[in-house]
Amino acid sequence: MDDDSFLRRAIALSAQAAATPGSEPFGAVVVKGGRVVGEGFNRSRARLDPTSHGETEAIRDACANLATLDLDGCDLYSSCEPCALCVAAMQIVGIGRVVYAASLADSAAALAGVPREKRRGGDVAALRREAGAPIGKGRIPARQALVAEAVAVLEAWARASG
């Protein structure tokens, strides 16, 4: 199979999501060695999980199917350009390449009339700018406290794991 075939599968999953209550029309597949190892579509409303995007669901499925947290050597195909949350998840697991169909601008234009109660939108450009900033430097105020207590737990775990 080629890129277009895998991308068509991601788009088919987005169409399946569009017909599934509590889902939004975003689908993705993870591919390793020329075969699909994970699939997913957005189920945020159905699962009351704001991280249940097509890409994150495909990553979860691939990790479970391959029994690993390391997806080095895998590619991800998405019906839409991934948001900052999904890009971060891809980087954490080591996805090597992404192929996508609709851009974020395309999806924003297509979904502009969807009421907020059906789809919680957001400023994706602002999210991208803020995603890499230290906590408290973006829109969410933050306060750091009890550092020594938290570091003690981390250090104890590191000693036991070493």
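The questions below concern a predicted model.

Q: How many helices and strands does the protein have, and what pattern do they follow?
A: The protein has 7 helices and 4 strands. Along the sequence they run α-β-β-α-α-β-α-β-α-α-α. Buried residues account for 33% of the 162 residues.

Q: What makes α3 roughly parallel to α4?
A: Helix α3 (residues 54–66) packs on helix α4 (residues 84–93) at an angle of about 20°. Angles under 35 degrees count as roughly parallel. That makes α3 roughly parallel to α4. Their axes are 9 Å apart, and α3 passes α4 in a left-handed crossing.

Q: Which residues of α3 and α4 meet?
A: From α3 come Glu55, Thr56, Ile59 and Cys63. From α4 come Leu85, Cys86, Ala89, Met90 and Val93. By class, this contact has 7 nonpolar, 1 polar and 1 charged residues.

Q: How do you know that Phe6 and Tyr77 form an aromatic pair?
A: A search of the whole structure finds 1 aromatic pair. Rings pair if their centres lie within 6.5 Å. The ring centres of Phe6 and Tyr77 are 5.2 Å apart, so the two rings qualify.

Q: Why is the pair of Phe6 and Tyr77 called tilted?
A: Planes under 30 degrees apart count as stacked, and over 60 as edge-to-face. The planes of Phe6 and Tyr77 stand at 40°, so the pair is tilted.

Q: What parts does the pair of Phe6 and Tyr77 tie together?
A: Phe6 lies in helix α1 (residues 3–18), and Tyr77 in strand β3 (residues 74–80). The pair therefore ties together parts that are 71 residues apart in sequence.

Q: Are Phe6 and Tyr77 buried or exposed?
A: Buried means under 20% relative accessible area. Phe6 has 3% relative accessibility, so Phe6 counts as buried. Tyr77 has a relative accessible area of 2%, so Tyr77 is buried.

Q: Why does Glu39 count as partly exposed?
A: Glu39 is found in strand β2 (residues 35–41). Buried means under 20%, exposed over 50%, and partly exposed in between. At 28% relative accessibility, Glu39 is therefore partly exposed.

Q: What is Glu39 in contact with, leaving aside its neighbours within four places in sequence?
A: The contacts of Glu39 are Arg9, Leu13, Ala28, Val29, Glu57, Ala58 and Asp61. The C-alpha atoms of Glu39 and Ile59 are separated by 7.5 Å. Those two residues are 20 apart along the chain.

Definitions and conventions. Residues numbered from 1 in each chain as written. Predicted model: local features only at pLDDT ≥ 70, side-chain atom pairs only at ≥ 80, totals over all residues. Heavy atoms only, no water. Axes fitted to C-alpha atoms, helices over the stretch in contact; angles between N-to-C directions. Helix = DSSP H or I, 4+ residues; strand = E, 2+ residues; numbered from the N terminus. Parallel < 35°, antiparallel > 145°, perpendicular 65-115°, else oblique. Left-handed = near helix turned anticlockwise from the far one by under 90°. Contact = heavy atoms within 4.5 Å. Nonpolar A, V, L, I, M, F, W, Y, C, P; charged D, E, K, R; others polar. Phe/Tyr/Trp six-rings, centres within 6.5 Å; stacked < 30°, edge-to-face > 60°. Buried < 20%, exposed > 50% of the residue type's maximum accessible area, 1.4 Å probe, protein only.
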